[in-house]
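Please open the model in a viewer and keep the selection panel at hand.

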Amino acid sequence: RSRPATVRQEREVRVTVEVDEAALQKALARLGWRVYATNAPAGLLSLQQAVLAYREQYVIERGMGRLKGRPLSLTPMYLQRDDRVTGLIRLLAIGLRVLTLLEFVVRRNLAATGEKLAGLYAGNPTRATARPTAERLLEAFREITLTVIQEPHRIHRYLTPLSEVQQRILALLDFSTEIYARLCADSAKPS
């Protein structure tokens, strides 16, 4: 009625699809494959050992991700002096080394005993891993608190007791739980 006259064209399009079986089989044959090269003699490493060694290798990018990410947070900063920037980067590099060493020692000790560590995942306490991250290990100690009550002539301290997971982590690090207990000499015997 109020619209102008238009010309409409109706078209019909048909598409047929045909699978190129040879190309599909060639692509499927390559799925999941990786090429590994090593200069180790064939007698030193079997194929399985070589693949496992390369899969478990240290990857520097992970450490750099930690420097830029949440654990250490080397973010753009507005420091005026170069010596402060250098000092901050050196301090964070020490923190990165501590995280890496913590993770390495726990993983090595778990591998030596063939065990897995459970209780690190908040929503799934039975989930166990043989390769825990340093961040998860430290997260297990998040709920520790030291309460100090000062009276006129005495100071009372209370330290939350260590959970089984926390005790196991300290044991994997070859630390005695006595280190923790000494933080608060007169607390109610944390253990």
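How many salt bridges does the structure hold? The structure holds 5 salt bridges, a salt bridge being a side-chain nitrogen of Lys or Arg within 4 Å of a carboxyl oxygen of Asp or Glu. Residues are numbered from 1 along each chain as its sequence is written. This is a predicted model, in which local features need pLDDT of at least 70 and side-chain atom pairs count only at pLDDT 80 or more, whereas totals for chains, interfaces and linings use all residues; side-chain values use heavy atoms, with hydrogens and water left out.

**The whole chain**

The chain has 7 helices and 4 strands; helices (H or I, at least four residues) and strands (E, at least two) are DSSP runs, numbered from the N terminus. Followed from the N terminus, the elements run α-α-α-α-β-β-α-β-β-α-α. The C-alpha trace spans about 100 × 75 × 45 Å along its principal axes. The radius of gyration of the chain is 29 Å, whereas a compact globule of 191 residues would have one near 16 Å; the radius is taken over C-alpha atoms, and the globule rule is 2.2 Å times the number of residues to the power 0.38.

Next, colour by accessibility. Of the 191 residues in the chain, 19% are buried; buried means under 20% relative accessible area, exposed over 50%, and partly exposed in between (1.4 Å probe, protein chains only). The accessible surface of the chain comes to about 16,000 Å², and 55% of this surface belongs to carbon and sulfur atoms. Accessible areas come from the Shrake-Rupley method with a 1.4 Å probe, and for residues only the protein chains shown count as cover.

**The largest nonpolar core**

Select Val106, Leu117, Leu120, Leu137, Ile169 and Leu173. Among the 14 residues of the largest nonpolar core, these six touch the most other members: Val106, Leu117, Leu120, Leu137, Ile169 and Leu173. A nonpolar core is a set of buried Ala, Val, Leu, Ile, Met, Phe, Trp, Tyr and Cys residues joined through side-chain atoms within 4.5 Å. Two or more residues of this core come from each of α4 (82-113), α5 (134-139) and α6 (164-172), and α4 supplies the largest share, 5 residues.

Centre the view on valine 106. Neighbours within four places in sequence aside, valine 106 is in contact (heavy atoms within 4.5 Å) with Pro132, Leu137, Leu172 and Leu173. A second, separate core has 5 residues, including Leu159, Leu170, Tyr180 and Cys184.

Remain on α4 and select glutamate 103 with arginine 107. The two form a salt bridge whose closest N and O atoms are 3.8 Å apart. Glutamate 103 and arginine 107 are 4 residues apart in helix α4, so about one helical turn separates them. Glutamate 103 counts as buried because its relative accessibility is 5%; arginine 107 is also buried, with a relative accessible area of 17%.

Now select glutamate 115 and arginine 168, a salt bridge with its closest N and O atoms 3.0 Å apart. This pair links distant parts of the chain, 53 residues apart: glutamate 115 lies in the loop between α4 and β1 (117-118), and arginine 168 in helix α6. Glutamate 115 is partly exposed at 35% relative accessible area, as is arginine 168 at 27% relative accessibility.

Return to helix α4 for asparagine 109. Is asparagine 109 buried or exposed? At 17% relative accessibility, asparagine 109 counts as buried. Residues up to four places away in sequence not counted, asparagine 109 touches Leu172, Leu173 and Asp174.

Aspartate 174 is the next selection, in the loop between α6 and α7 (178-181). Aspartate 174 has a positive phi of about 60° although it is not a glycine. Most residues other than glycine have a negative phi. Aspartate 174 is exposed, with a relative accessible area of 55%.

**A surface patch**

Finally, select Val19, Leu24, Leu28 and Leu31. They form a nonpolar patch on the surface with about 360 Å² of accessible area together. Patches are made of residues with over 30% relative accessible area and no salt bridge: like charges are joined within 9 Å, and nonpolar side chains (Val, Leu, Ile, Met, Phe, Trp, Tyr) within 5 Å. Leucine 31 lies in the loop between α1 (21-30) and α2 (47-55), and leucine 31 counts as exposed at 58% relative accessibility.
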